[in-house]
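Subject: The structure we talked about

Hi there,

Here is the structure I promised to pass on to you. Have a look at it first, and then read my notes below with the picture open beside you.

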There are 2 protein chains.
Amino acid sequence: MSDRSQRRREATLAEIKAVARQHLVAGGPSSISLRAIARDMGMTAPALYRYYASLDALVLDLCTDLYTELRIACEAVRDAVPDGVIEKLHAMAREFRRWVLAHPAETALMFGPPLPGVNQFIDGCNSLQDAGHRFGRIFTDLMVELYRQGRLPDVLVDLPAHEDLPPSVTALFLKGWTRLYGVIMAEAFGHLNWALTDATALFESELADMTADLRSR
Amino acid sequence: MSDRSQRRREATLAEIKAVARQHLVAGGPSSISLRAIARDMGMTAPALYRYYASLDALVLDLCTDLYTELRIACEAVRDAVPDGVIEKLHAMAREFRRWVLAHPAETALMFGPPLPGVNQFIDGCNSLQDAGHRFGRIFTDLMVELYRQGRLPDVLVDLPAHEDLPPSVTALFLKGWTRLYGVIMAEAFGHLNWALTDATALFESELADMTADLRSR
DNA sequence: CCTTCGCGTTAACGGTGTTCACTAATCTAA
DNA sequence: TTAGATTAGTGAACACCGTTAACGCGAAGG
């Protein structure tokens, strides 16, 4: 494969994903269709099978791209905060919420229930889990830094240790992650609409409580 | 409309929803199709339009049924606990998790991202929000009982009061609800699979922390 | 130069939601 | 009892969808 055609192939892959994302944003995950994408690109649907084995594979690839996009956005605000590990975590959590609320359709794909045809793609799932893993790492890295400074409380949850993380960091991360996931996704998925029009105060209250739990217990 | 034919109509409605649920459980929300339902019932697809204006309306109706089913399950364990408001809340939270993990496809429908075609059904959304509201009420009712006994801490979140609930009850409920939603849905949607095979310990830890926050702060 | 291979096509199969015209049955009221 | 209105169903059709197969074209590589 020549270098020229390889770059052309990657450009086509990027265009496919870009058009797919337009449809995702316009009509939600279910309105991503090979035929519509091909139509927008001036092609026919079977041509897309030269690039993806199935529609699910395309959606999966798009999903991993979204994870890295979100990670980069959070890394940017992290690096914009001059110092203070907790302050960096705060900024990342707020950016996480901001990104999610600005991209509800993408969020449905990334953080909603799994699509039925996703779990059987072992290789694709690996790259997806890798992208998700690297997103989680930007949080655990800072928590490990807190841990090394001795500023993290010991937590009494009996959870299996994960990779090179100290057990208490794993436990504290999972507790913080699920709590963050709860406030943000409940809002993003519209499950607070019956009570709130703006969940900012609720989010900030949860963030403050999480910080308090992080400092001592 | 005679009484006989009305009961016959409701029986057909129930059968439609029962068959739809079978397909939901078998293949997820996207595999609910009018043609397949009609096929299983020995009918043709257009006949179902005598009962629902669209597929989305059917799914919406099924969804409200699921909310009341979940509520009844939680009410049952609540009434099985002899006394102790906090103990009842614990039992309801555990039953909520148990039901969700036992019914992942139904959970995707009820607590996942909103389906694109759902929000325009104003009447259907009313009945859905009503079912969801009554589910939330079984939790707020117990919290109001705690509030009347003076066992609830004052919480400092500035949130709009909801209906006849005291403001601190609204705030404490929303904080508890989003937290519960987070642990349970993150597990149910498979977003903890990379770290945990069994999230029971994490759930119990969160439940314990929530109870501590409820007792005093 | 010739061959392989990447990339695209058309045609086709089976599936989907939805609408329309129509029929058979049942319920209602004169 | 009989005429009319309502109900519940049918089949055909339209416009989509994912996917597969057979085929052509044009460029890359030996």
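Let me begin with how chain A is connected: of its contacts between residues at least 6 apart in sequence, 67% join residues at least 24 apart. Please keep in mind that this is a predicted model.

**Chain A as a whole**

The secondary structure of chain A consists of eight helices and zero strands. Along the principal axes, the C-alpha atoms of the chain fill a box of roughly 60 × 45 × 35 Å. Chain A has 217 residues, and buried ones make up 53% of them.

Start with V85(A), which is found in helix α4, residues 85–102. Is V85(A) buried or exposed? Its relative accessibility is 8%, and since buried means under 20%, V85(A) counts as buried. Leaving aside neighbours within four places in sequence, V85(A) is in contact with L142(A), E145(A), L146(A) and Q149(A).

Next, find S168(A) in helix α7, which covers residues 167–188 of chain A. This serine counts as buried too, at 9% relative accessibility. Which residues does S168(A) touch, if those up to four places away in sequence are not counted? They are Y147(A), P153(A), D154(A) and V155(A).

**Cysteines**

A disulfide is a covalent bond between the sulfur atoms of two cysteines. A search of the whole structure finds zero disulfides over all chains. C74(A), for instance, is in no disulfide, and the nearest cysteine sulfur, that of C63(A), is 15 Å away. Both cysteines are in the interior by the numbers: C74(A) is buried with a relative accessible area of 0%, and C63(A) is buried with 6%.

**Salt bridges within a chain**

Over all chains, the search finds 30 salt bridges. Here are some that you can look up yourself.

- E95(A) and R98(A) meet through their side chains at 2.7 Å, N to O. Both lie in helix α4 of chain A, three residues apart, which is about one turn of the helix. E95(A) counts as buried at 11% relative accessibility, whereas R98(A) is partly exposed at 45%.
- R137(A) forms a salt bridge with D141(A), and their closest N and O atoms are 3.1 Å apart. This pair sits in helix α6 (residues 122–148) of chain A, four residues apart, about one turn of the helix. R137(A) is partly exposed, with a relative accessible area of 40%, and D141(A) is partly exposed with 38%.
- D209(B) forms a salt bridge with R179(B), with the closest N and O atoms 3.7 Å apart. D209(B) lies in helix α8 of chain B and R179(B) in helix α7 of chain B, so the pair ties together parts that are 30 residues apart in sequence. D209(B) counts as buried at 11% relative accessibility, and R179(B) counts as buried at 4%. Salt bridges that share partners join K175(A), R179(B), E206(B), D209(B) and D213(B) into one network.

**Where the two chains meet**

How many residues of chain B are in contact with chain A? There are 41, and they touch 41 residues of chain A. The two chains bury about 3,500 Å² between them, 67% of it on carbon and sulfur atoms. In chain B, K175(B), H191(B) and W194(B) lose the most area to chain A, together 17% of what that side buries.

The count of salt bridges between the chains is four. K175(B) forms a salt bridge with E206(A), with the closest N and O atoms 2.8 Å apart. Polar contacts across the interface come to 10 residue pairs. On the side of chain B that touches chain A, the elements giving two or more residues are α5, α6, α7 and α8 of chain B. The largest share, 11 residues, comes from α7(B). The residues of that side divide into 24 nonpolar, 10 polar and seven charged.

One last stop is α5(B): seven of its eight residues are buried, so this helix is largely enclosed by the rest of the structure.

Enjoy exploring!

Best wishes

Methods: Residues numbered from 1 in each chain as written. Chains lettered and ligands numbered in written order. Predicted model: local features only at pLDDT ≥ 70, side-chain atom pairs only at ≥ 80, totals over all residues. Heavy atoms only, no water. Buried < 20%, exposed > 50% of the residue type's maximum accessible area, 1.4 Å probe, protein only. Contact = heavy atoms within 4.5 Å. Disulfide = S-S within 2.5 Å. Buried area = accessible area lost by both parts, 1.4 Å probe. Polar contact = N/O pair within 3.5 Å; in protein donor to acceptor, adjacent residues only side chain to side chain. Nonpolar A, V, L, I, M, F, W, Y, C, P; charged D, E, K, R; others polar.
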